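Student: Could you take me closely through the open sheet of this model, and through what packs against that sheet? I would like the cut-offs stated as you go.

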Amino acid sequence: MNIKNETVLEIEDLGVSFDGFKAVDGFNFYLTRNHVHVIIGPNGAGKTTVLDLICGKTRATSGSIKFRNKEIRGKREYRIVREGIGRKFQNPSIYENLTVFENLEISHPAGRGVIGCLLFRRTPEILERCRSVAEEIGLLELMDTEAGILSHGQKQWLEIGMLLMQEPEIIMLDEPVAGMSVKERAATAELIRKISMNRSVMVIEHDMEFVREIADRVTVMHLGKILAEGSMDAVSNDPKVIEVYIGH
Ligand SMILES: Nc1ncnc2c1ncn2[C@@H]1O[C@H](COP(=O)(O)OP(=O)(O)OP(=O)(O)O)[C@@H](O)[C@H]1O
């Protein structure tokens, strides 16, 4: 198989109902390796629910979610993280009283679980990994800074770094540039493009200019279903998509 065009995540006929209300319905989605795939759609379209279903936070009522050809639907959240799918929520969950370095260090998979915590040693490999991730997220100069005093954008990047420490194959980001300055948005676009070189990235985003900058592929959701899919140019010229956006 051509590794470049390999499908890492294959979602078929995915659905979930909440008290009879179908929040996601007949959802098919294929994530390609090294792609940045953005999901857009009006409020309540089902975007966040799709990420909740993939990461195991919400249980699907139908369909299948295959990661590297293996079914992951129904697995527990922590198992899915270990398989290699990392998710960043909208609000950063960094430890404000720890430094950038310490936040990265505690995210290393060697420290997982009680035994991992007890036996954790700061090896040269772990130090090097923290350094290279800090460099990737643009925080190398701030390694010894307490996370609490970072800017809003820097906190978001640190959280992305904490995900990168676990070397996931897929990173899912929910509105990564919400509340960021223009400069921070540009840096985040660059970071997302960079991290997709070694993995696949799924992003939920409302800011269309930002989507245009980062997306290899765009899926438009509406009322729990897929309304359109393709390049940003193709979907933004699709009359169905225009109608939904103008109608909201
Ligand atoms: N746990 C739940 N119980 C009941 N209804 C839910 C639950 N989670 C989501 N919903 C409903 O499912 C629909 C889709 O919500 P979702 O948050 O996925 O939309 P979204 O596209 O991410 O919207 P936004 O852009 O506003 O974040 C909404 O009507 C929401 O109220």
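Tutor: The open sheet has six strands in the order β6-β7-β8-β3-β9-β10, with mixed pairing; strands (E, at least two residues) and helices (H or I, at least four) are DSSP runs numbered from the N terminus, and two strands pair if DSSP finds at least two bridges between them. At the edges stand β6 (85-88) and β10 (225-230), each with a single partner strand, so one side of each has no neighbour in the sheet. From one strand to the next the twist averages 20°, where axes are lines fitted to C-alpha atoms, for helices over the stretch in contact, and angles run from 0 to 180 degrees between N-to-C directions.

This is a predicted model, in which local features need pLDDT of at least 70 and side-chain atom pairs count only at pLDDT 80 or more, while totals for chains, interfaces and linings use all residues. Residues are numbered from 1 along each chain as its sequence is written.

Strand β3 (residues 36-40) runs parallel to β8 (residues 200-204), joined to that strand by four bridges, and H37 stands opposite M202 in β8. Four bridges also join β3 to β9, again in parallel, with I40 opposite V220 in β9. By contrast, β9 and β10 pair in the antiparallel sense over five bridges, and T219 has E229 in β10 as its bridge partner. The hairpin of β9 and β10 has two residues between the strands, and in this hairpin L223 takes a positive phi near 50°. Five of the six residues of β9 are buried, so that strand is largely enclosed by the rest of the structure; a residue is buried if 20 or more other C-beta atoms, placed from the backbone, lie within 10 Å of its own, exposed if 12 or fewer, and partly exposed in between.

Helix α1 (residues 47-54) lies across β3, β6, β7 (170-174), β8 and β9 (217-222), running at about 145° to β7, while helix α7 (residues 182-195) lies across β3, β7 and β8, at about 145° to β8. Seven of the eight residues of α1 are buried, so α1 is largely enclosed by the rest of the structure; K47, D52 and I54 are among those buried residues. Just after α1, G56 takes a positive phi of about 85°.

Helix α1 also gives the most to the shell around the ligand, with three residues. The residues around the ligand are F18, A23, G41, N43, G44, A45, G46, K47, T48 and T49, a residue being near a molecule if its C-beta atom, placed from the backbone, lies within 6 Å of it. The shell divides into three nonpolar, six polar and one charged, where Ala, Val, Leu, Ile, Met, Phe, Trp, Tyr, Cys and Pro count as nonpolar, Asp, Glu, Lys and Arg as charged, and the others, Gly among them, as polar.

Finally, V38, L158, M172 and V203 touch the most other members of the largest nonpolar core, which has 65 residues; such a core is a set of buried Ala, Val, Leu, Ile, Met, Phe, Trp, Tyr and Cys residues joined through C-beta atoms within 7 Å. The largest share of this core, six residues, comes from helix α6 (residues 152-164).

Note on methods. Two residues are in contact if their C-beta atoms, placed from the backbone, lie within 7 Å.
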